[in-house]
Amino acid sequence: MLQQVVNENFRGREDVVAKKSVTEHADGKRAWFPYCQNFFRAGICPKKDGKAQPCIRCAGKLFHAYTPEIVGQHLEGDIIIGIYPLLEDGRCWFIAADFDNHAGTSDPYKDVMGYAGHLLGAGLTPYVLRSTSGTGYHVYVFFSSPVPAWKARVVVGCVL
């Protein structure tokens, strides 16, 4: 059942995917950015010349779309991609809550299970997954069709 829900509703924008950086920042974290076909291309990408410019404002941006080829590269382990859940019209197919403890001072599991219990009590179906950091969890709620993101935030936030 989970696989079917994910296949049908773990969706976002189709015109752009996010890519996880291969270089780590000073704090040890990796960054996500729009996956651009012109990234670091001489004469096109300002980053190649050391200029700090957001990709979204770059005249040379040419983002990779969400395609079977990109997904295949992700599944083969060649790249790590993510999706942008907020559609251009302000709707979303799912919403996620992030419970992390990067400081390592406590285990958020009890809070996650309490939150998931509240969602179940409100008639929603939460899916709890361990985050890749290993120090937290993500709680997903999927919708059968795109809903206004503001409504998803209100509904999922009101169950507490």
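**Exercises on a predicted model**

The backbone oxygen of Gln53 and a polar atom of the Lys47 side chain are 2.7 Å apart. This is a predicted model, in which local features need pLDDT of at least 70, side-chain atom pairs count only at pLDDT 80 or more, and totals for chains, interfaces and linings use all residues. Residues are numbered from 1 along each chain as its sequence is written, and side-chain values use heavy atoms, with hydrogens and water left out.

Solution. 
- Start with the element. Lys47 sits in the loop that runs between strand 2 (32–34) and helix 2 (68–75). Helices (H or I, at least four residues) and strands (E, at least two) are DSSP runs, numbered from the N terminus.
- Lys47 is partly exposed, because its relative accessibility is 24%. The classes are buried (under 20% relative accessible area), exposed (over 50%) and partly exposed in between, with a 1.4 Å probe and protein chains only.
- Collect contacts (heavy atoms within 4.5 Å). With neighbours within four places in sequence set aside, Lys47 touches Phe39, Phe40, Gln53 and Cys55.
- Cys58 is eleven residues from Lys47 along the chain, and their C-alpha atoms are 9.9 Å apart.

Solution. 
- Read the order. The sheet is open, its three strands are ordered 2-1-3, and the pairing is antiparallel. Strands pair if DSSP finds at least two bridges between them.
- Find the edges. Strand 2 and strand 3 (81–82) each have a single partner strand, so one side of each lacks a neighbour in the sheet.
- Inspect one pair. Strand 1 (residues 18–20) and strand 3 are antiparallel and joined by two bridges. Lys19 faces Ile81 of strand 3.

Solution. 
- Take Arg13 with Asp15. Their N to O distance is 2.6 Å. Arg13 is partly exposed, because its relative accessibility is 22%. Asp15 is partly exposed too, at 34%.
- Take Glu88 with Arg13. The closest N and O atoms are 3.6 Å apart. Glu88 belongs to the loop between strand 3 and strand 4 (91–100), and Arg13 to the loop between helix 1 (2–9) and strand 1, so the pair ties together parts 75 residues apart in sequence. Glu88 is exposed, because its relative accessible area is 67%.
- Take Asp89 with Arg91. Their N to O distance is 2.7 Å. Arg91 is partly exposed, at 31%.
- Join the pairs. Arg13, Asp15 and Glu88 form a network of salt bridges.

**Exercise D. Summarise the whole chain.**

Solution. 
- Count elements. The protein has four helices and six strands. From the N terminus, they run α-β-β-α-β-β-α-β-β-α.
- Of the 160 residues, 34% are buried.
- Sort contacts by sequence separation. Among those between residues at least 6 apart, 60% join residues at least 24 apart.
- Total the surface. The accessible area is about 10,400 Å², and 56% of it belongs to carbon and sulfur atoms. Areas come from the Shrake-Rupley method with a 1.4 Å probe; for residues, only the protein chains shown count as cover.

Conventions: Polar contact = N/O pair within 3.5 Å; in protein donor to acceptor, adjacent residues only side chain to side chain. Salt bridge = Lys/Arg side-chain N within 4 Å of Asp/Glu carboxyl O.
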